[in-house]
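Work through the following exercises with the sequence and the coordinates at hand, and try each task before reading its solution.

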Number of protein chains: 2
Amino acid sequence: MALSDISAMARNETGIALALDILKQRFGERFATGDALRQQHAHTMTYIPAQLPDGVVFAQSADEVQAAVEVCAEHKVPIVPFGTGTSLEGGVNAPGGGISVDVSQMNSVLRVNPEDLDCTVEPGVTRKQLNEHLRDTGLFFPIDPGADASLGGMAATRASGTNAVRYGTMRDNVIALEAVMPNARRIRTGKRARKSSAGYDLTRLMIGSEGTLGIITALTLKLQGIPQAISSGVCPFPTVDAACQAVIMTVQMGLPVARIELVNALQMQAMINYSKLELPVSPCLFVEFHGTDAGVKEQAETFGEIAAELGGGEFIWSVREEERAKLWQARHDAYWAVLGLRPGAKALATDVCVPISKLAQCIAETEADIEESGLIAPIVGHAGDGNFHVSPLVNVDDPDEIAVLERFVERLNLRALSMDGTCTGEHGIGQGKMRFLELELGGAVDVMRAVKRAIDPDNIMNPGKVFIL
Amino acid sequence: MALSDISAMARNETGIALALDILKQRFGERFATGDALRQQHAHTMTYIPAQLPDGVVFAQSADEVQAAVEVCAEHKVPIVPFGTGTSLEGGVNAPGGGISVDVSQMNSVLRVNPEDLDCTVEPGVTRKQLNEHLRDTGLFFPIDPGADASLGGMAATRASGTNAVRYGTMRDNVIALEAVMPNARRIRTGKRARKSSAGYDLTRLMIGSEGTLGIITALTLKLQGIPQAISSGVCPFPTVDAACQAVIMTVQMGLPVARIELVNALQMQAMINYSKLELPVSPCLFVEFHGTDAGVKEQAETFGEIAAELGGGEFIWSVREEERAKLWQARHDAYWAVLGLRPGAKALATDVCVPISKLAQCIAETEADIEESGLIAPIVGHAGDGNFHVSPLVNVDDPDEIAVLERFVERLNLRALSMDGTCTGEHGIGQGKMRFLELELGGAVDVMRAVKRAIDPDNIMNPGKVFIL
């Protein structure tokens, strides 16, 4: 996607001016038009330039979200839903201006039902906040994208993370949700039953729609029992291919791995430096098992045998909390570690996902491409899902570097598509991957457009994202 | 739903006559208009009267499905997708006449990818046929509704079965699908990657849409490795409540139960008679664990402890294939067993699903209701999901009995809804539950209508199902 493609949309100046006036009266100090807050609400972690909203509403309830949407709907003003602003593909940009509706103050855990292993939260609750809240219940919420994102935002982008191989993604862990639709009507997409065949799956339609169909105002989430025991460890492999073969064998054997993260040699080097790990600069798998005391021991031992068979080094694992914590802290600090490889540069995270049988080939070709491109770009992946991230370190002020980066990202996406993979496993389309979505799904995107037009005929809800109407 | 509500829709006689002529020319002997085949294609397992299509196309490829849809789309003639005809809520009825598109001859397994644990099949492949095909691969497909349904039909109704507590429903086990849409365009909703954040989740939109948005022509499905070991057993409980408490404790402890089926006393009596089981006439749980040799032993023992704590009888379990087979054959023969309770009567299966904390109360109130209504109606449930079936035995030719049945079904659904449950866990809405869908989801049904109108503006695809437009 060339930078020039992220064009500004036509602005409805009259409508925006009216909406600004009305929202100022309605929300007072919780409506901001200052430059700093507008900048912050268009912040993206990409090379896509910021496109600022004209104002920011800090909503504190579904009623207030509805009130804001009513105003914008009446005057046909764009609305950009905002959680924590950690989207990676320009999802919070406002290409036609309009109003950012910030739900970060809607951060109450409304209800926990321990017997049913579910809870209902407001959209601004972050994943860490929820798990903190659940601390004494013996339950946890497993989805962990890199950032401490809001659960509303995580649902909107169909986020996942390291635990998805066992617990699924946001798609699998939202039982139902409430939303304010573009016509300002409120809906609830389901009851609290674990499964249902009642009507179209509007829950799943909203999940991954990136705020283009409505604003999520509450979510009912599945929770998991904290396992009796957890075993984690790291295993080095001679090659990425050997590591990927170990992943395939693990999954194929039905070993219920909770996390299986692939880290390539360059990423290991960064993490060793940053987190003081005593590990070789070699492709590694970070692995975790959840179960009973006996179960996690058996599983770790079985994995050790698989690794040995594929030429892996010793699989050193532990059930001790502090050792596990150090290991996963290092994994979650991967982004910060990467920055140390080229001080002053920005790390731009991009992701693709392929069938796991293609993962080794896709990463090998990508490593060769990185080498040829002269990029510094470590790789880390949710290998059990076939999902991996490349984090090129670039000087975003250098157009030549950006051009190299863009061509690399294009080749990466085309490579994944050619292997029956997807242009994004968990980051979403936003503005950055619209072209690849068309290449991936062709005519199906026209069906998405028909759905969008039916639900949002005036195209006010996060316009200019996912696809151009 | 009173019988009178299943009204015939207006017939487009001119269009139907034209379509019949064209399809006869196009499909020759694979286009049938005889009474027997039309009757068979409107066969339902409900008390809802049959509404026959005007003709039946036996399609043998996606191209042929597309050709049939093109004709019907041009002449605005209703299309009723047909797999095996095992739907339970009038899903294959043709209230406005039109063409039944039978895909049962599209029954090839197109591709199995053992390394990726997936396969791609045509929609007419049945679940048993697929598992037979997979026999030598060490893989299996877990979703098992009572009938040997087609996988296309199972996707269309978002089916599940006994394994859903561990492996999920069709919602969770379809990676992507291909469909012919009402405008006769063909789409594929995704690639083969395990997860994706690329655009709207059209896969999930089609799953559960009951043929109202298009005809599924291929499915890419997740497969599971056949576990190293399986342990199964039955445990009697003094009350349904005690059995449900055991289910809650099992789920809450994170015990990875693969099946946990509740059978009430009357259903046990039927199954004991039919399958010669040596078990007490008392509520029972049929339980199964999948894992390693050590794992399934540990899990069965843990379950035995839970059962004992709740006053259950001895949990007799086995890893021996023939004992397990007998047990699950009895469970799958539940429908036939039920018929023995009242020879000559028809068993009408209905289902609801509630949060598991409400399951005991919902079943207890339903048993009392059955008693008061004078119905003979055994209960069996996928207890781990909170989903249960009631199978009243009625003389369908007696309007008084049907009236009693309808009032009972209404109370059952309202009871489930009042407990934050759904009017159907796995059977779908069809014609039978439209009213309850409105009560369950209110304004969300209008969003479904908007989606339907956008994708099928002439309302030709399985009209008169799920909701009235």
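The model is predicted, so local features need pLDDT of at least 70 and side-chain atom pairs count only at pLDDT 80 or more, while totals for chains, interfaces and linings use all residues. Residues are numbered from 1 along each chain as its sequence is written, chains are lettered from A in the order in which they are written, and side-chain values use heavy atoms, with hydrogens and water left out.

**Exercise 1.** Determine which rotation and shift superpose chain B on chain A.

Solution. Superposing by least squares on the C-alpha atoms of residues with pLDDT of at least 70 in both copies gives a rotation of 180° with 0.0 Å of shift along its axis, at an RMSD of 0.0 Å. This is the relation of a two-fold axis.

**Exercise 2.** Find the strand order of the five-stranded open sheet in chain B.

Solution. Strands are DSSP runs of E with at least two residues, numbered from the N terminus, and two of them pair if DSSP finds at least two bridges between them. The order is S5-S6-S10-S8-S9 in chain B, with antiparallel pairing. Strands S5 (109-113) and S9 (186-188) of chain B each have a single partner strand, so one side of each lacks a neighbour in the sheet.

**Exercise 3.** Identify the residues through which H15(B) meets H16(B).

Solution. Taking contact as heavy atoms within 4.5 Å, B:Val409, B:Glu410, B:Asn413, B:Leu414 and B:Leu417 in H15(B) meet B:Arg435, B:Phe436, B:Leu439 and B:Glu440 in H16(B).

How values were computed: Helices (H or I, at least four residues) and strands (E, at least two) are DSSP runs, numbered from the N terminus.
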